[in-house]
Each structure stands twice: as C-alpha cells, then as structure tokens.
Amino acid sequence: MSWGTELWDQFDNLEKHTQWGIDILEKYIKFVKERTEIELNYAKQLRNLSKKYQPKKNSKEEEEYKYTACKAFLSTLNEMNDYAGQHEVISENMTSQITVDLMRYVQELKQERKSNFHDGRKAQQHIETCWKQLESSKRRFERDCKEADRAQQYFEKMDADINVTKADVEKARQQAQIRHQMAEDSKADYSSTLQRFNQEQWEYYHTHIPNIFQKIQEMEERRIVRIGESMKTYAEVDRQVIPIIGKCLDGIVKAAESINQKNDSQLVVEAYKSGFEPPGDIEFEDYTQPMKRTVSDNSLSSAKEGKPELKFGGKSRGKLWPFIKKNKGATPEDFSNLPPEQRRKKLQQKVDDLNKEIQKETDQRDAITKMKDVYLKNPQMGDPASLDHKLTEVTQNIEKLRLETQKFEAWLAEVEGRLPARSEQARRQSGMYDGQTHQAVTNCAQDRESSPDGSYTEEQSQERELKVLATDFDDEFDDEEPLPAIGTCKALYTFEGQNEGTISVIEGEMLSVIEEDKGDGWTRIRRSEDEEGYVPTSYVEVYLDKNAKGAKTYI
C-alpha cells in the first residue's frame, strides 16, 4: 500500500490530512501541558494543606503532638507532603519527556511537511508548464495547417483563372509551398513536444509524485508512531511514581497502626495528675461532750474561734482542696499555684529552657572570643577593643541566666524533696521574694498549703503557724532515730534512682514503706537498715499497716 500509487491524484486532500495530523499532535501536547499544570497545582494545594495543619512551633499545639494519635496525624501530614512531591515529579517528567520533546518534533514535522509539499507543487508546476507548451505547439500546428490549406486553395484558384497572369500564379504557388512547409515544421514540433510531455507526464505520475507521496506517507506514519510512544511515556511516568506513592500510603497506614490508646491515656494522667490524694473521711465531731469542741483539721467549717488542734502530717488538710473556694490570680514565678507533679514538670521545663539559652549565649561568647583573637593577630581585619562591650554584655547575660537557673533548680529540688525549705533570706537572694510580710508564710514555703490554683482560704491561713511547728517537730524526730516501717510496697516498674535522695528499685521487688506520699508524688521506702530513699509513688503499689505508727486511721 502506497500513497504514491493509490492516492496519485489526491495531492490537496493529502495536504489537508497531514495538516490535520499536526493539529492532533499539537492538541495532545496542549493536553499534556494542562495535565502538568494540574499536577503542579494539586501538589501545591497538598503542600499548603499539609502546612496549614502542621503544629505551630512553640505553641500549645506542639505540646499536643506527644499523643500517639496526634503523632500519627503529623506523620500523615508529612507523608502527604511527600505524596505532593511525587505529583511534582509527574509534572516535571511529563514536561521534559513529552511536552518539550513533542514541541521540538512538531517544528521538525512542519518543516519536513513544507519541504515535501513544496517539491510536490514544483512537480505540479513543471507538468503544467509542459502541458501548456504542448497545447501551444498543438494550436500552432493547427493554425499552420489551416493556413497551408487556404494557400493551396488560393493557388489552385489562381491557376484555374485564365485572366490571372503567370507571375501571379507563380507567386500563389510559392506562397502555398511556404505555408505547407510551415505546417510540416509545426507538425514536427508538435510531435516532439507531445513525446516530451508524455515522458514528463509518465515520470510525474510514476516517479516524482510517488516519491514525494511516499515521503509524506512516511512522515505521517512517524507522527503516528511518535504520538503512540508519547502516550506510552505518559502512562509510564505515572507508573514510575506508583511505588513511592504506595510507600507514602504505607507510611500513613503504619502511622495509624502505631496509635496506642493506652499510651495516650497514660499521657493524659501525666499531663494533668496533681499528685494529691482524694479527700479523706471527715472525722466525727462529738457535740454531746460538755468539753470545749475542737475543730477538726478535716472539717469543712471555718475555725474562726479557738486554737485548732495541732496535728502532725499536714497532708490531711490537702485532702480538702477540691472543696475549697479557689481565688484566681497571677501565676507565681515558682509555679506554686500548681499541684506538685505539674509544678515539677513546669520547673523542669523552665530549667531545660534556661540551659539551652545558656548554651546559646556560651556559643556566642566563644565566637566573639575567637574573633577577638583573630583581630589581635591581624589588626588590619578589625579593632579588638570594639568587641569588648559585646563580650561583656554576653558574659553578663550568661551570669544572669545561671543565677536564674540556680533559682529554678532550687525550687525543683524542693519539689523533688532533695532540699529543705528555704528561709526568707534565701527567698530574697533568689529574687523570689514577692513582698509578703507574714513571717510564718515565708518560713514554711515548702510546706505551705494552697489550693491547686495557688489560692488561700481562711482555714489555711489560720493553720500555717501550727504546721510550721509540726514540721520542725518532725525534722527533729527524724534526726533522733530511724523512721519505723508503716507498711510494705511492691515495685510496679523498674526505677533508676540517679538523683540525690532517690533509690533504685527493680520491677516486682518488695520493700518497706517508711513515709507516705505527702502530695509531691514521692514515697519514702527502705530496702535495708542502711539503704533508703524516695521513689515515684506511681512506680509502687503501697500496702499500709493500719496498726503501724504514722498510718492514717479514720472514724
């Protein structure tokens, strides 16, 4: 099958068809280009979506991502970001492997098509010129023949007329011969032109046009093959990213499977645990006795008259906190408005932040010092004295941060039970003194009783002095003889006691309890006569002996 033989007379239709083929190719290029734009826009929207739901740094949202469900969601956002990247890869590959390549090929195709049809038109013009020459030769031969016939007839007429002179007859004869000769020459020329035209026509329809149409056919077939290959590439570009997209989706599934509801529940406990025990039983107040009634520490009524009974172990009053009216106010610097466990976490976080600031300032000081040394060795680079002010400023900042860190570490040590309560003078030195003038309050900072939000009630203010006395009494008693065991406990988890005053325990180990949790989240235990210390209350299960000294009893 050849266009040169089958479509020898369809030059104009072939020209239209090949132009239509180029239009189809350009339409496909436009389609791919719009697809790449869609992929880019889709990737951009996915990235914006992922960025929109990313937690903001140094915000409350960032703290929420400690939960496994939130971590899984964050992993999903990161995977969607990678997923968007694959759509960008699709766009880039389609642009480089299809759009750019086909646009260059279209230009080459147009040039080739133009050249082929130019040759075709040139051949057409040549055969048309040959045809015109043939027609011209034919008309001239026809005209000369008619002229010869008229000259012959005139000669015969003159020859038959007796009135015509012999000279006129001879002239007519010579004219007839000339016309006849011209007719013969025209005949020969016509014959030659006809043969030449037939030869040209045969070459035109059997050589030139078939060759030109064959080139056009090959060009069109290459176009068809090329668009088919581009469609395969189009699919292959998509297929290449499927494994990576699959990994992104697998990552989302893996993140979803990593969600642990028990772990999240434990994180809620750690985040909001106050360290206090639930309110204890209210002691019975016997109004039938004629003696002067003494208001119990656990009573909900206000002790406005009479001196309350001195009770050791101020923890019992803490049990009333859920029922005491809370007064909102500014957050103290030492976070004393928070429950012990939450206060410890806040203080630890503050210490960590200060240490980071110290490290940052230290690095800056080291950099300035090195720069100063360089200036000293190479004065042309700069004046060393110009750095003294900045170096002094950074050094002062480091010293301030260290003092601040020591202050918060002291408060942290108080919460963790590693240091005794500080005096009023220590508070003034640390910068914590807030203008309170009540001597009993400033001397018992560690043992003061407040509601979980830092508020104080009348019942508490009337009992502060008594509690100071009770605490001092307990301290003296501790110095005289070892505390007796008030129960036993079983270690639920292994604990590495690395801080001063703590003790290491192994999961399942049985130990003696010598002091209950006083609201700070720590229980004092003993392994042997010479080995005792504090462990987190949440790490042990306590079994108190009701008859032991120091154990709580209720009526």
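I began at Tyr53, which lies in the loop between α2 (11–52) and α3 (60–64), where helices (H or I, at least four residues) are DSSP runs numbered from the N terminus. This is a predicted model, in which local features need pLDDT of at least 70 and side-chain atom pairs count only at pLDDT 80 or more, while totals for chains, interfaces and linings use all residues. I kept in mind that residues are numbered from 1 along each chain as its sequence is written, and that side-chain values use heavy atoms, with hydrogens and water left out.

**Surface around Tyr53**

I noted that Tyr53 counts as partly exposed because its relative accessibility is 41%; buried means under 20% relative accessible area, exposed over 50%, and partly exposed in between (1.4 Å probe, protein chains only). Together with Leu49 and Phe73, Tyr53 makes a nonpolar surface patch of about 280 Å². Such patches take residues with over 30% relative accessible area and no salt bridge, nonpolar side chains (Val, Leu, Ile, Met, Phe, Trp, Tyr) being joined within 5 Å and like charges within 9 Å.

**Helix packing**

I then looked up α2 against helix α5 (residues 166–257), whose axes come within 11 Å and cross at roughly 15 degrees. Axes are lines fitted to C-alpha atoms, for helices over the stretch in contact, and angles run from 0 to 180 degrees between N-to-C directions. α2 and α5 are therefore roughly parallel to each other; angles under 35 degrees count as roughly parallel, over 145 as roughly antiparallel, 65 to 115 as roughly perpendicular and the rest as oblique. For helix α8 (residues 340–377) and helix α9 (residues 388–415) I found an angle of about 160 degrees, with the axes 9 Å apart, so this pair is roughly antiparallel.

**Salt bridges**

I counted a salt bridge where a side-chain nitrogen of Lys or Arg is within 4 Å of a carboxyl oxygen of Asp or Glu, and the count by this rule is 25. In helix α5, Glu170 and Arg173 are three residues apart, about one turn of the helix, and form a salt bridge whose closest N and O atoms are 2.0 Å apart. Glu170 is partly exposed at 32%, as is Arg173 at 28%.

Arg139 bridges to Glu135 at 3.9 Å between the closest N and O atoms; these two are four residues apart in helix α4 (residues 68–160), and therefore separated by about one helical turn.

Last, I checked Glu515 and Lys518, whose side chains meet in a salt bridge (3.5 Å, N to O). Glu515 is buried at 13%, whereas Lys518 is exposed at 51%. Both belong to a network of salt bridges that also links Arg524, Arg526 and Glu532.

Terms used
Areas by Shrake-Rupley, 256 points an atom, 1.4 Å probe, with all protein chains shown as cover.
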